[in-house]
Amino acid sequence: MSTHSENNKMNNRLCLPVFAVALFGLLLATTPVLAQTSPNIVVILVDDAGLMDFEPYGGEARMPSIQRLADQGVRFSNYRTSPLCAPSRAMLLTGVDNHLTGVATIPEVIPKEHEGKPGYSLALEPGVKTIADHLRAAGYRTYMTGKWHMGRRVQDLPVSHGFDRSFALDASGADNWEQKPYMAYYTSAPWYEDDQPATLPDDFYSSAFIVDKMIDYIDADNKIADKSAQPFLAYLAFQAIHIPIQAPREFTEHYNGVYDQGWHVLREQRWQKAQQLGLIPAGAALAAMPEGLRDWQKLSDEERRFYAKAMEVNAGMLEAMDHHIGRLINWLEQSGQLENTLFVVTSDNGPEFNDIVHTPGIDLWKAVSGYNSDIDTMGEKGSLVSIGPEWASAAASPNKMFKFYSSDGGIRVPLIIAGPTIPQGIMRSSLAMVTDITPTILDYLGLPASLSENDIGITGRSLKPVLNGSSEQTYGPNEAVGLEVAGNAALFKDQYKLARNLPPHGDGIWRLYNLHKDPGETSDLADAEPVVFSTLLADYQQYAVTHGVQAMPEGYDALEQIMRNTYKKLFSAYWFYLVVPPLLLLAVLVWFIRRRRRGQ
């Protein structure tokens with residue numbers, strides 16, 4: 001063998017390890033390296049809580065655990081989410097606008113014209129990465145417990161979107177005491193553990209169970225050597241305070257008499273407190289309640305007793321949730337994990353306005369489902385009740401309207417961020433959006449905003465510069481930020497807001513507000529400032545085109561759509577019982593008539 005041939009073989013042998021070392025170095029340079037001190041991340045999502053429902057924002061409910069986090073962190077006073085639950089959840093978990101995630105709206109209100117359109121699959125679509133995807137790729141353990149509402153196929157569940165373990169409800173809500181649905185749209189309460197249908201325990205109460213299950217998941221992996229050193233992401237999505245509002249009696253009793261003066265008084269009280277806390281400027285106008293809502297003084301004594309008790313249960317449900325959040329915080333503290341944990345606490349949208357006790361056909365539904373609306377046991381097992389539009393309007397004070405709508409009562413909610421290196425006990429007034437949560441966490445951890453070039457790009461911004469005080473604003477004065485769900489839309493730019501709300505409580509007209517002067521959205525400036533109005537309207541139209549917003553069908557009404565979709569679901573589930581027995585009866589009748597005729 002020649003010397004030249006031997007040298008080639010030797011060079012080839014040398015090239016392999018050199019190439020391997022080079023490749024390994026390249027991977028180290030491009031793959032995030034998990035630091036041993038990387039913090040745990042706990043994301044807490046409350047359901048249907050308005051800006052001032054939280055104690056740190058002036059609410060009546062006792063919430064010492066969330067107050068503790070607020071005292072040790074930053075409160076945002078101008079944070080906006082979407083007006084409906086699933087789109088908000090999709091945006092919070094991904095940092096991507098809801099139309100680009102696939103969860104543009106919710107199944108309950110989607111019109112048939114939008115079904116199957118791009119962005120309207122109502123489940124996270126390919127290329128959309130969650131914060132769990134990002135953190136698991138960086139070496140985190142990832143867990144989810146609570147409400148999911150983004151699909152029940154295996155490819156739609158949390159385990160297919162970055163979560164190692166999950167116990168998830170795929171519905172807009174469910175009973176808090178038992179495994180049963182709260183509205184006729186659902187035939188069951190579809191809970192899943194990981195990728196399998198799950199059964200709830202006999203002693204189930206939603207807030208307690210969501211925390212218990214999360215502690216179980218984290219603790220089990222803490223006992224495994226190769227997992228115990230990994231930080232974790234814990235996403236807890238509570239059912240509180242979604243319909244049905246339910247709470248143990250011992251919590252509800254703390255609020256006996258608190259709401260006896262009615263919704264008009266509460267609206268005024270929260271409006272005054274908002275000025276004291278700096279949530280709105282002193283003297284800022286309070287918007288009128290939506291037309292057609294009831295006057296507290298014109299209710300009967302029995303009606304006032306009923307609705308006062310409903311609001312007591314609502315506050316009790318918040319306190320019960322906070323109590324169980326406190327158990328999680330205490331467990332983290334006792335296990336030495338609290339000091340290195342970042343908390344994000346927020347709500348998916350504003351207060352729920354649907355008055356379920358006045359829904360058409362509700363008496364039949366209660367009889368079939370074993371529900372009641374008794375005052376004495378309100379909120380306990382078997383109780384079906386909600387606070388209704390008047391209390392929702394009061395709870396949303398000092399803002400206008402409530403859930404479903406793009407007025408700030410539907411989208412301006414609390415946001416608290418607390419943890420290592422986060423300033424303590426301060427409030428930031430800059431605009432923040434639900435899509436900013438995921439990029440903020442990634443920036444906080446020093447992780448890239450994308451896992452691959454095929455990812456759907458994050459549309460939100462990191463709030464880290466505002467958190468640490470290096471910047472006063474996340475969005476510049478010339479940057480427009482839009483949102484839309486089910487035709488209710490808004491666009492923010494500098495101090496202005498453009499908003500449109502559809503029936504039943506809106507009229508479909510675009511209106512312009514100066515939020516710095518008029519956070520209650522009481523004075524429409526569309527005619528007074530036509531240049532600003534036309535500029536923002538053009539900005540919104542550009543947003544709608546680039547994000548794939550579908551135009552709403554003529555005459556769309558969300559409540560009417562819910563009823564149509566519910567009847568459609570009921571027929572799909574029970575068509576056999578609705579069609580076959582009448583057909584059999586008709587066949588028997590025809591047979592009987594023919595037999596009689598032959599007998600003659």
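Author: Let me start with pairing: two strands pair if DSSP finds at least two bridges between them. Helices (H or I, at least four residues) and strands (E, at least two) are DSSP runs, numbered from the N terminus. On that basis the protein chain has 17 helices and 16 strands. This is a predicted model, in which local features need pLDDT of at least 70 and side-chain atom pairs count only at pLDDT 80 or more, while totals for chains, interfaces and linings use all residues. Residues are numbered from 1 along each chain as its sequence is written, and side-chain values use heavy atoms, with hydrogens and water left out.

Reader: How do you know that β13 and β14 pair, and in which sense do they run?

Author: Strand β13 (residues 480–485) is joined to β14 by 6 bridges, and the requirement is at least two. The two strands run antiparallel. Within this pair, Leu-483 has Ala-490 of β14 as its bridge partner. The two strands form a hairpin with 2 residues between them, and Ala-486 in the turn has a positive phi of about 55°.

Reader: What does β14 do on its way to β15?

Author: Another hairpin: β14 and β15 have 2 residues between them, and here Asp-494 in the turn has a positive phi of about 55°. Strand β15 (residues 496–500) pairs with β14 in the antiparallel sense over 5 bridges. Ala-490 has Ala-499 as its bridge partner in β15.

Reader: What makes β14 a mostly covered strand?

Author: Buried means under 20% relative accessible area, exposed over 50%, and partly exposed in between (1.4 Å probe, protein chains only). In β14 (residues 488–493), 6 of its 6 residues are buried. Both faces are covered, with Asn-488, Ala-490 and Phe-492 buried on one side and Ala-489, Leu-491 and Lys-493 on the other. For the protein chain of 600 residues, 56% count as buried.

Reader: Why is Gln-495 called buried?

Author: Its relative accessible area is 19%, and the limit is under 20%, so Gln-495 counts as buried. Gln-495 lies in the loop between β14 and β15. Leaving aside residues up to four places away in sequence, Gln-495 touches Tyr-513, Asn-514, Leu-515 and His-516; contact means heavy atoms within 4.5 Å.

Reader: And why does Phe-251 count as buried?

Author: Phe-251 has 12% relative accessibility, so it falls in the buried class. Its place is in helix α8 (residues 249–252). Beyond residues up to four places away in sequence, Phe-251 touches Gly-316, Glu-319, Ala-320 and His-323. The C-alpha atoms of Phe-251 and Ala-320 are separated by 6.3 Å, although the residues are 69 apart along the chain.

Reader: Why are α9 and α12 called roughly parallel?

Author: Axes are lines fitted to C-alpha atoms, for helices over the stretch in contact, and angles run from 0 to 180 degrees between N-to-C directions. Helix α9 (residues 263–277) and helix α12 (residues 388–395) have axes that come within 8 Å and cross at roughly 15°. Angles under 35 degrees count as roughly parallel, over 145 as roughly antiparallel, 65 to 115 as roughly perpendicular and the rest as oblique. Therefore α9 and α12 are roughly parallel to each other. The contact is made by Trp-263, Leu-266, Arg-267 and Arg-270 of α9 with Glu-390, Trp-391, Ser-393, Ala-394 and Ala-395 of α12.

Reader: Which other helices are roughly parallel, and how do you know?

Author: Helices α6 (residues 206–222) and α10 (residues 301–334) pack at an angle of about 15°, with their axes 8 Å apart. With the cut-off at under 35 degrees, α6 is therefore roughly parallel to α10. Among the residues in contact are Val-211 and Ile-215 of α6 and Ala-320 and Leu-328 of α10.
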